[in-house]
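Reader: I'm new to this one and would like to be walked through it. Could you show it to me before we start?

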Amino acid sequence: MMINDKNSQKIVDIIQNYARKHSLWILAYGTGCGAIEIPPTMTSRYDAERLGVRGAATPRQADVLLITGYLTTKTLKRVIRVYEQMQDPKYVIGFGSCTINGGMYWDSYNTIKALDRYLPVDVFINGCMPRPEAVLAGFAKLQELIQAGKADGARKYKENLEWYRANQKKVIPNWRMPEYNW
Amino acid sequence: MQEILQYTWGALVSFVVAFTVGITYMGLNRKITARVQNRIGPPWYQNFFDVLKLGSKETSIHHGVMQHMGPAFIMVTAVMSLLIIPILNDNRFFPNLNFHGDLVFLLYIMVFGPLGMALGAGQTGNPNSAIGVTRGLSQMVGFEIPWVMALVALMIQYKTTSIVDLMNLQAETGRWLMFTSPFAFLAAVLAMLGMFRYAPFDIVGAPQELASGPMSENGGKYLFVMMSAGSVFAFAKLTLYVDLFMGGANNLIILVVKTFILYLIPMLYGIVSPRYRTEQAIRYFWGWPSLFGLLAILQAVFL
Ligand code: SF4
């Protein structure tokens, strides 16, 4: 078949990645204080819609999960459910120092420190809190990765599900969820 | 055989035209909205990217058969109305399946899609969908009344239930029905605000309030089908308005100009409006638009 031949698949990939990169529907899950930088990013001053970035209403319709800041263990549980309900291809952006190393919550008793132990993060945006310029730079980086076909967090998540699950269960004591939600 | 091939070809061409024009209009809508809000906004072809991306997403949602059928119903409705509504004045390039009485048929078929979608949304079990569906059906009860009144007025006044007859009539007399039955036109245009579901009548899919309502469980390919069906249907409706009230169009450029002018009405009305509540929306449609509908019928009967 023509379709299964490697080269035509490559062309299809390039076209699809081009479309994906220019149409990022974000689910801004306002977990921490950093969420306050999302409205200026979306509205007239910085206008992320120029880049095709647009809010999605539900996880089912979203492509990018934007985790804006610290995650308490309680929120982490919801975030995992949200992430697993999203449809492939999906990306995660960790937003703010809190998602990288705990930020100023590094010794807090109920927040997680490194987000990428629990969810596969494609792009980190550092800063506490990152300015809209930094957020836009993060989106640009994600677009670059998508075009190169390197934003494959979702695949990693599926392949290393046990590892992620073990980490998640370590911090979520009352794990009452289906084993996977997709 | 020749005829069947011709009709199939006509259907395909009409679909492609409707899809392209419809999607472009939606993109222009986003652009114009952005400009009004003092933003730069996405490029006008942004919606092509969105559609392509949605179509290439993987989908692993399963809530039952009706959920998969819901978007298909919308598509069927859109394509069916597109095939019945004459696109241009002379049917050479876009042969379609209009017949005597198609206006009555259209009245029925245009509510078929939302009803199918309602069943589909019901099966997802998402509470937001259920609320969205009740809101959508209530709103439909609202705007269907002036819309039906307007069409009935046309049927009484010109003693025909065929779109093509109405178009020929306008071509013969050279006067648009917009001017000979102004009340019907007003009622129909006000009903159109509800049909397009832009603000202030976006109570069905209110993204901030209902998480997009009936389609909240539908991502990826479902949304792809819905979005393409929505744009085809938008084009079909606008074409119907042009056919009925604005004398049809002799070529595609005139059609695009006329439909875009019509499309500006719900778009611009929407940009500057906040959202109504359900009962406010229904009260709106049962107020002035219905009065205009009534006047149109009176005019048709007594003048
Ligand atoms: S990185 Fe700073 S701004 Fe962001 S959530 Fe953490 S403390 Fe708040």
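This is a predicted model: local features need pLDDT of at least 70, side-chain atom pairs count only at pLDDT 80 or more; totals for chains, interfaces and linings use all residues.

Reader: What is the mean pLDDT of chain B?

Author: pLDDT is the predictor's confidence in each residue, from 0 to 100. In chain B, 99% of the residues reach 70 or more, and the mean is 85.

Reader: What ipTM and pTM does the model score?

Author: There are two scores to quote. The model gets pTM 0.87 and ipTM 0.84.

Reader: How much area do chain A and chain B bury between them?

Author: Contact means heavy atoms within 4.5 Å, and on that basis chain A gives 26 residues and chain B gives 31 residues. Buried area is the accessible area (1.4 Å probe) that two parts lose on being put together, summed over both. Carbon and sulfur atoms hold 52% of it, and the total is about 2,300 Å².

Reader: Which residues in chain A lose the most area to chain B?

Author: Three of them together make up 25% of what the chain A side buries. They are Glu49(A), Arg60(A) and Gln87(A).

Reader: Are H5(B) and H8(B) roughly parallel or antiparallel to each other?

Author: Helices (H or I, at least four residues) and strands (E, at least two) are DSSP runs, numbered from the N terminus; here H5(B) covers residues 127-158 and H8(B) covers residues 182-196. Axes are lines fitted to C-alpha atoms, for helices over the stretch in contact, and angles run from 0 to 180 degrees between N-to-C directions. These two pack at about 155 degrees, with axes 8 Å apart. Angles under 35 degrees count as roughly parallel, over 145 as roughly antiparallel, 65 to 115 as roughly perpendicular and the rest as oblique, so H5(B) and H8(B) are roughly antiparallel.

Reader: How many nonpolar residues are in the contact of H5(B) with H8(B)?

Author: Among the residues that meet are Phe143(B) and Trp147(B) from H5(B), and Ala187(B) and Met195(B) from H8(B). Ala, Val, Leu, Ile, Met, Phe, Trp, Tyr, Cys and Pro count as nonpolar, Asp, Glu, Lys and Arg as charged, and the others, Gly among them, as polar. In this contact two are polar, none is charged, and the nonpolar ones number eleven.

Reader: At what angle do the axes of H4(B) and H10(B) cross?

Author: H4(B) spans residues 102-124 and H10(B) spans residues 220-245. Their axes come within 13 Å, and the crossing is at roughly 160 degrees.

Reader: Where is Asn38(B)?

Author: Asn38(B) isn't glycine, yet its phi is positive, near 65 degrees. Its place is the loop between helix H1 (2-36) and helix H2 (46-55) of chain B.

Reader: Which residue does a cis peptide bond join to Asp88(A)?

Author: Look in the loop between helix H3 (73-85) and strand S4 (91-95) of chain A, the place of the residue in question. Omega of the bond is about -10 degrees, and the partner of Asp88(A) is Pro89(A).

How values were computed. Residues are numbered from 1 along each chain as its sequence is written. Chains are lettered from A and ligands numbered from 1 in the order in which they are written. Side-chain values use heavy atoms; hydrogens and water are left out.
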